[in-house]
Amino acid sequence: MAIITMPQSPVASGIEWDLDQPGQRNEAEFTGRSRVTYLPAAPRWYAKAKLPPIIGEANVLDWRAFVVDLDGIANSFRLVACERDQITGVSPVVDGAGQGGRQLITRNWGAAGLKLKRGQFVTIDDQLLMLMAPVVADANGFATISFKPYIRFSPAAGAAMEVRRPYALVSSVDTRNGWKVGIGQNYEIAFDVREAF
């Protein structure tokens with residue numbers, strides 16, 4: 001599987017994000033009590049992206065090639081998860097190997113203070129993670145980040161974190177990828193994707 005580059009323009013006119021958390025609910029017929037079992041390491045991001053209308057064949061060539069280059073479900077690409085830069089001027093990394101779960105000790109955040117807010121994202125080793133608590137750096141530029149979903153692979157010491165424009169590594173959910181064209185060379189492109197591992 002190859003990672004291909006998504007064209008930069010035009011940007012999607014809309015993206016729907018979903019986080020699928022596999023689980024099972026068992027409910028007692030007589031008491032009505034329920035019990036939920038879920039797999040904390042199994043969530044996966046899904047997205048549906050739609051481009052604005054592209055007028056003219058010359059303007060859609062890169063996008064048509066991209067759609068075909070997906071090779072159905074075989075290849076993946078990086079889909080940015082935020083609309084603008086979250087933070088600039090910092091290059092945080094993972095501080096120490098062997099970490100996992102839903103928290104990581106990180107460094108290189110720069111001066112002390114609030115860096116990112118709950119609900120913003122980071123990407124580590126191509127995995128998109130949503131912050132569940134504010135990232136506050138100490139005087140030495142260290143911060144413990146808390147996030148969901150559960151990180152699947154323990155990152156190496158010094159692994160870079162994407163904090164400016166975090167993304168999910170995704171691939172198509174369908175083996176058929178294409179586009180629509182209407183009168184006046186009016187092109188429509190949309191794709192459904194899921195996180196790729």
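1. Strand β2 is the element that gives the most to the negative patch, contributing three residues. The patch itself is a surface gathering of E16, D18, D20, D174 and D192. Patches here are made of residues with over 30% relative accessible area and no salt bridge, like charges being joined within 9 Å and nonpolar side chains (Val, Leu, Ile, Met, Phe, Trp, Tyr) within 5 Å. A salt bridge is a side-chain nitrogen of Lys or Arg within 4 Å of a carboxyl oxygen of Asp or Glu.

2. As to the source, this is a predicted model, in which local features need pLDDT of at least 70 and side-chain atom pairs count only at pLDDT 80 or more, while totals for chains, interfaces and linings use all residues. Residues are numbered from 1 along each chain as its sequence is written, and side-chain values use heavy atoms, with hydrogens and water left out.

3. D20 counts as partly exposed because its relative accessibility is 38%; buried means under 20% relative accessible area, exposed over 50%, and partly exposed in between (1.4 Å probe, protein chains only).

4. For the chain as a whole, there are one helix and 19 strands, taken as DSSP runs numbered from the N terminus (helices H or I of at least four residues, strands E of at least two). Buried residues make up 36% of the 197 residues in the chain, and the C-alpha atoms fill a box of roughly 60 × 55 × 25 Å along the principal axes.

5. Strand β2 also belongs to an open sheet of six strands with mixed pairing, in the order β1-β7-β16-β19-β5-β2, where two strands pair if DSSP finds at least two bridges between them. β1 (3-4) and β2 (14-20) stand at the edges with a single partner strand each, so one side of each is left without a neighbour in the sheet.

6. Two bridges join β6 to the antiparallel strand β18 (residues 186-188), and I55 has N186 in β18 as its bridge partner.

7. Strand β17 holds V181, which forms a nonpolar surface patch together with V68 and W179, the three having about 280 Å² of accessible area together. Such areas come from the Shrake-Rupley method with a 1.4 Å probe, and for residues only the protein chains shown count as cover.

How values were computed:
Lys, Arg positive; Asp, Glu negative; His and termini not counted. Charge placed at Lys NZ, Arg CZ, Asp CG, Glu CD.
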